Amino acid sequence: MTETAHHKPLDGRRLLVVSTNYAPELTGIGPYAAQLAEHWARSGADTHVLTGMPHYPSWRTEPAYRGVWRTKEQRSGVTVHRRRHYVPSRQSALRRAAFEASVLAHGLAAPPPLRPDAVISQLPSLAGGVIGARLARRHGIPYIPVVQDLMGAAAAQSGIRGGDRAAALASRAERYALTAATLVGVIHESFVPRVTAYGVAPERIRLVPNWSHVPAPSADRATTRARLGWREGTPVVLHSGNMGLKQGLEVLVDAARLAPEIRIVLMGDGNQRDALLARASGLPNLDVLPPAGEDEFTDILAAADVLAVTQRASVLDMSVPSKLTSYFVTGRPVIASVADGGGTALEVQRSGAGLLVAPEDPAAVLAAVRKLIEEPEAADELGSNGPRYVARHLGREAGLARFDALLTEVLQDAEGRDRR
C-alpha cells in the first residue's frame with residue numbers, strides 16, 4: 001500500500017515494544033528497538049515502549065535517571081515508559097538473576113496502562129520476554145518475541161560464575177517466552193535449531209536480520225588518526241562495543257603484549273573493563289577509550305587499520321554481535337577471533353569482509369593482522385566487501401520491511417480469528 005499523508009499502514013493500531021534496552025543507549029540492541037518503534041510510529045501506529053533506565057554498556061544508570069522510579073517520556077513520536085531496576089556493576093549469575101528479577105517484578109507490577117493490538121519483545125531480556133508473553137496473554141493479543149541473543153546458551157557458554165545453574169533458569173524463561181509466541185523472529189538462522197529445540201515449530205519462525213543502523217564514515221582518516229594520537233605507520237587494531245565475559249577480550253590484551261609495534265584499541269565499556277585495564281597495566285601500545293558519540297563513531301572505526309570481533313571459544317550459537325553491522329559500513333577489514341561454525345563466523349564469511357582466526361589465540365590474531373598490514377591491497381579488497389554487503393543485505397529499509405511483514409502477518413491472522 002502506498003503511504004499518503006491521509007493514510008498510513010498502521011493507522012489506528014496500538015503497539016507495545018518491550019525491551020530492557022532502548023535509546024539513548026547507542027550500542028547493543030537499544031538502537032534496534034528504538035529505530036523499530038520510531039518506524040512504526042511514523043507508519044501511523046500509537047507506539048509505546050516498556051523499558052528500563054539507560055545503563056548499557058557501562059552497566060551504570062545514566063546520571064539523569066538515577067533515583068527515578070518510573071517515568072513516561074516522548075521520544076521521536078514514541079511513548080516510552082521506563083521502570084527502575086537493579087543494575088549490577090559486576091557480573092555473576094546471581095547478580096544477573098537479580099537484574100532480570102527486578103525488571104520482571106517492576107514491569108509486571110506497573111505495565112503501561114493500555115491495551116495494545118500486539119506485543120513485541122526483544123530478547124535477550126529474559127524479563128522482557130516473560131513480560132511480553134504475560135501481557136499478551138492477559139489481553140488476548142498476538143505476541144512476537146525477537147531473538148537477538150539466547151541467554152540460556154549465553155550463561156552456559158560465556159564463563160560467568162554459576163553459569164550452569166543460571167543456564168537452566170534462563171532456558172526455562174526462554175522456553176516460556178518463545179512457546180507462548182504467535183510467531184518468533186530471529187536475527188540469524190544460527191538461532192533456529194535452539195529455538196526449535198525449545199518446542200517452537202519451524203513454520204512459526206521468521207528471519208528478521210539486524211540492519212546497519214549507523215551512517216557511513218565521512219571524516220578524513222588521517223585527521224581522525226591525528227586527533228586520536230595514532231601515528232602514521234603504526235598499525236591500529238580496534239575493538240568496539242561491550243567489554244563483557246563472552247567477548248574474551250583478554251586475547252587482544254595479550255596480543256598487545258606480544259607485539260609492541262601494533263596499537264590495540266578497546267573502545268567501549270562493560271563489566272570487564274577494570275579487569276582488562278589491570279591485565280593491560282604497563283602496556284604503552286594498548287588504549288582503552290570510552291564509547292564514541294553517535295556523530296564520530298564510524299569515523300573512529302574507519303580510522304583504524306583492522307577491526308576486531310572476539311568471543312570466547314565456548315561461544316557458538318547464542319550471539320551474533322550487532323557490532324558487525326557497524327564494522328561492515330566502514331570499509332575496513334575485520335578479524336574475527338571466534339569459534340568456527342557459529343553465527344558470527346558465518347556472517348564474516350558471508351560478507352567476505354574479514355578473516356577468521358582461532359578464538360583465544362593471541363598469536364593467531366597477530367598473524368592475521370600482520371598478513372593484512374603486509375598485503376594492503378588484499379586488506380583494502382576485504383574491507384571494500386563490507387559496504388557492498390551492507391548495501392545488498394543490511395539496508396535499514398529492507399530490515400524494517402521484514403518486521404512490517406512479520407507484524408502484518410500476526411495482525412491479519414488475529415483479525416481472521418476474531419471474525420470466525
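## Briefing on a predicted protein model

Leu258 is exposed, with a relative accessible area of 54%, where exposed means over 50%, buried under 20% and partly exposed in between, using a 1.4 Å probe and protein chains only. The structure is a predicted model, in which local features need pLDDT of at least 70 and side-chain atom pairs count only at pLDDT 80 or more, while totals for chains, interfaces and linings use all residues. Residues are numbered from 1 along each chain as its sequence is written, and side-chain values use heavy atoms, with hydrogens and water left out.

**Overall build**

- The protein contains 15 helices and 14 strands, which are DSSP runs numbered from the N terminus, helices being H or I with at least four residues and strands being E with at least two.
- A compact globule of 420 residues would have a radius of gyration near 22 Å, and the 21 Å of the protein agrees with this; the radius is taken over C-alpha atoms, and the globule rule is 2.2 Å times the number of residues to the power 0.38.
- Taken along the principal axes, the box filled by the C-alpha atoms is roughly 70 × 50 × 40 Å.
- Among the 420 residues of the protein, 58% count as buried.
- Of the contacts with a separation of 6 or more, 71% come from residues 24 or more positions apart, a contact being heavy atoms within 4.5 Å.

**Surface and charge**

- The accessible surface of the protein is about 17400 Å², and 52% of this belongs to carbon and sulfur atoms; the areas come from the Shrake-Rupley method with a 1.4 Å probe, and for residues only the protein chains shown count as cover.
- There are 48 positive and 43 negative side chains, and the centres of the two sets lie 8 Å apart.
- In this count Lys and Arg are positive and Asp and Glu negative, with His and the chain ends not counted, and the place of a charge is NZ of Lys, CZ of Arg, CG of Asp or CD of Glu.

**Paired strands**

- Strand S1 (residues 14–18) pairs with S2 in the parallel sense over five bridges, and two strands are said to pair if DSSP finds at least two bridges between them.
- Within this pairing, Val18 stands opposite Leu50 in S2, and strand S2 (residues 46–51) is mostly covered, since five of its six residues are buried.
- Strand S5 (residues 118–123) runs parallel to S6 and is joined to it by five bridges, with Gln122 standing opposite Val146 in S6.
- Strand S6 (residues 143–147) has five of its five residues buried, so it is largely enclosed by the rest of the structure.
- Tyr143, Pro145 and Val147 point one way from S6, whereas Ile144 and Val146 point the other way, and all are buried.

**Two residues in their surroundings**

- Leu258 lies in helix H8 (residues 250–258) and, not counting residues up to four places away in sequence, touches Pro362, Ala363, Leu366 and Arg370.
- The C-alpha atom of Leu258 is separated by 35 Å from that of His188, which is 70 residues apart from it along the chain.
- Met53, in the loop between S2 and strand S3 (70–75), is buried, with a relative accessible area of 2%.
- Leaving aside neighbours within four places in sequence, Met53 is in contact with residues including Glu25, Thr61, Tyr65, Trp69, Arg82 and His85.
- Met53 and Ala255 are 202 residues apart along the chain, and their C-alpha atoms are separated by 36 Å.

**Backbone features to inspect**

- Most residues other than glycine have a negative phi, and most peptide bonds are trans.
- Ala23 and Pro24 are joined by a cis peptide bond with omega of about 15 degrees, and Pro24 lies in the loop between S1 and helix H1 (30–42).
- A cis peptide bond also joins Tyr56 and Pro57, with omega of about 10 degrees, and Pro57 has its place in the loop between S2 and S3.
- Ser76, although not a glycine, has a positive phi of about 50 degrees; Ser76 lies in the loop between S3 and strand S4 (78–83) and is exposed, with a relative accessible area of 55%.
- Glu360, also not a glycine, has a positive phi of about 60 degrees; Glu360 lies in the loop between strand S14 (354–357) and helix H13 (362–374) and counts as partly exposed at 47% relative accessibility.
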